[in-house]
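Me: Could you walk me through this one? I'd like to go from the overall picture down to the strands.

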Amino acid sequence: MSGGVQEQFEIKFRLPDGTDIGPKRYPAASTVATLKESIVAQWPKADKEKGPRTVNDLKLINAGKILENNKTLSECKSPICDFSGLTTMHVVVRAPTSDKQSNKIVAKKPKDFRCGCSIM
């Protein structure tokens, strides 16, 4: 836009429990990672233990499309999701797991599911 006025989008984030964060206005040059940082910072205090710890624990979905961290809002804009008016983005939180726990589970599975068949 001319005159140094940058386009802004009004966005609210729908959390998995049905509550919302926002709405708030974001510049078109904001990245998806910036939006996720805002979500982590504004996550409801009552639900902090189930909430995301980092931006990598979140996925943002708009119009059925998962938005990539390095994309700006203007790059995410398409005929399907044009961000006109108030836009609702859905937030998906990845369940917290430690790498040590996930490796142990994978290591145990082959032992737990042995085949007892014999070929004659």
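Reply: Accessible areas here come from the Shrake-Rupley method with a 1.4 Å probe, and for residues only the protein chains shown count as cover. On that basis the accessible surface of the chain comes to about 8,500 Å², of which 54% belongs to carbon and sulfur atoms. This is a predicted model, in which local features need pLDDT of at least 70 and side-chain atom pairs count only at pLDDT 80 or more, while totals for chains, interfaces and linings use all residues. Residues are numbered from 1 along each chain as its sequence is written, and side-chain values use heavy atoms, with hydrogens and water left out.

Me: OK, and in what order do the elements of the chain run?

Reply: From the N terminus on, they run β-β-α-β-β-α-β-α, with 3 helices and 5 strands in the chain; helices (H or I, at least four residues) and strands (E, at least two) are DSSP runs, numbered from the N terminus.

Me: What share of the residues count as buried?

Reply: Of the 120 residues, 28% count as buried, where buried means under 20% relative accessible area, exposed over 50%, and partly exposed in between (1.4 Å probe, protein chains only).

Me: Which residues have the most contacts inside the largest nonpolar core?

Reply: That core has 19 residues, and those with the most contacts inside it are Ile 11, Phe 13, Leu 35, Ile 39, Leu 60, Met 89 and Val 91. The elements that each give two or more residues to it are strand 1 (8-14), strand 2 (20-27), helix 1 (32-42), strand 3 (58-62), helix 2 (73-76) and strand 5 (86-93), and the largest share, 4 residues, comes from helix 1. A nonpolar core is a set of buried Ala, Val, Leu, Ile, Met, Phe, Trp, Tyr and Cys residues joined through side-chain atoms within 4.5 Å.

Me: Strand 3 next: which face is covered?

Reply: Leu 58, Leu 60 and Asn 62 make up the covered face, whereas Lys 59 and Ile 61 lie on the uncovered one.

Me: And what does strand 3 pair with?

Reply: Two strands pair if DSSP finds at least two bridges between them. Strand 3 runs antiparallel to strand 5, joined by 4 bridges, and Leu 60 has Val 91 as its bridge partner there. Strand 3 is also joined to strand 4 (residues 65-66) by 2 bridges, again antiparallel, with Ile 66 as the bridge partner of Ile 61.

Me: What about the turn between strand 3 and strand 4?

Reply: The two form a hairpin with 2 residues between them, and Ala 63 in the turn has a positive phi of about 55 degrees.
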